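These are my notebook entries on a single protein chain. I looked up a few features and recorded each one in turn.

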Amino acid sequence: MLRELKKRGVIEFERLRGIVVRRVGGDGDVTFLPALSFLYLLGKIEYHEKNDVIEYRAN
């Protein structure tokens, strides 16, 4: 997930979820939201509700 976010900078929520599910397989759908929440808590990502996109934040 971080690799894709670093590469693109900003990505649509559903597009990122699709990429993770394809790469991880069946468990990707189950672990996507907890992983996203963890990255948010660490300050690595920011969610922009208006555009439904996730932005990578380089700390």
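This is a predicted model: local features need pLDDT of at least 70, side-chain atom pairs count only at pLDDT 80 or more; totals for chains, interfaces and linings use all residues.

**Entry 1: L5.** I began with L5, which lies in helix α1, residues 2-8. Is L5 buried or exposed? I found a relative accessible area of 0% for L5, and because buried means under 20%, L5 counts as buried. I then looked up its contacts beyond four places in sequence, and these are I11, L16, I45, I54 and Y56. For one of these, I45, I noted that its C-alpha atom is 8.5 Å from that of L5, although the two residues are 40 apart along the chain.

**Entry 2: the core.** Which residues make up the largest nonpolar core? I listed twelve, among them L5, F13, F32, I45 and Y56. At least two residues of this core come from each of α2 (13-24), α3 (26-41) and β3 (53-56). The largest share, four residues, is supplied by α2. I also checked F13, which touches F32, L33, L36, D52, V53 and I54 when residues up to four places away are left out.

**Entry 3: the sheet.** In what order do the three strands lie? I recorded β1-β3-β2, an open sheet with antiparallel pairing. The edge strands, each pairing on one side only, are β1 (10-12) and β2 (45-48). From one strand to the next, the twist averages 25°. I counted four bridges between β2 and β3, and I45 has Y56 in β3 as its bridge partner. Finally, I noted that α2 packs on the sheet, where it touches β1 and β3, and that its direction makes about 85° with that of β1.

Definitions and conventions: Residues are numbered from 1 along each chain as its sequence is written. Side-chain values use heavy atoms; hydrogens and water are left out. Buried means under 20% relative accessible area, exposed over 50%, partly exposed in between (1.4 Å probe, protein chains only). Contact means heavy atoms within 4.5 Å. A nonpolar core is a set of buried Ala, Val, Leu, Ile, Met, Phe, Trp, Tyr and Cys residues joined through side-chain atoms within 4.5 Å. Two strands pair if DSSP finds at least two bridges between them. Axes are lines fitted to C-alpha atoms, for helices over the stretch in contact, and angles run from 0 to 180 degrees between N-to-C directions.
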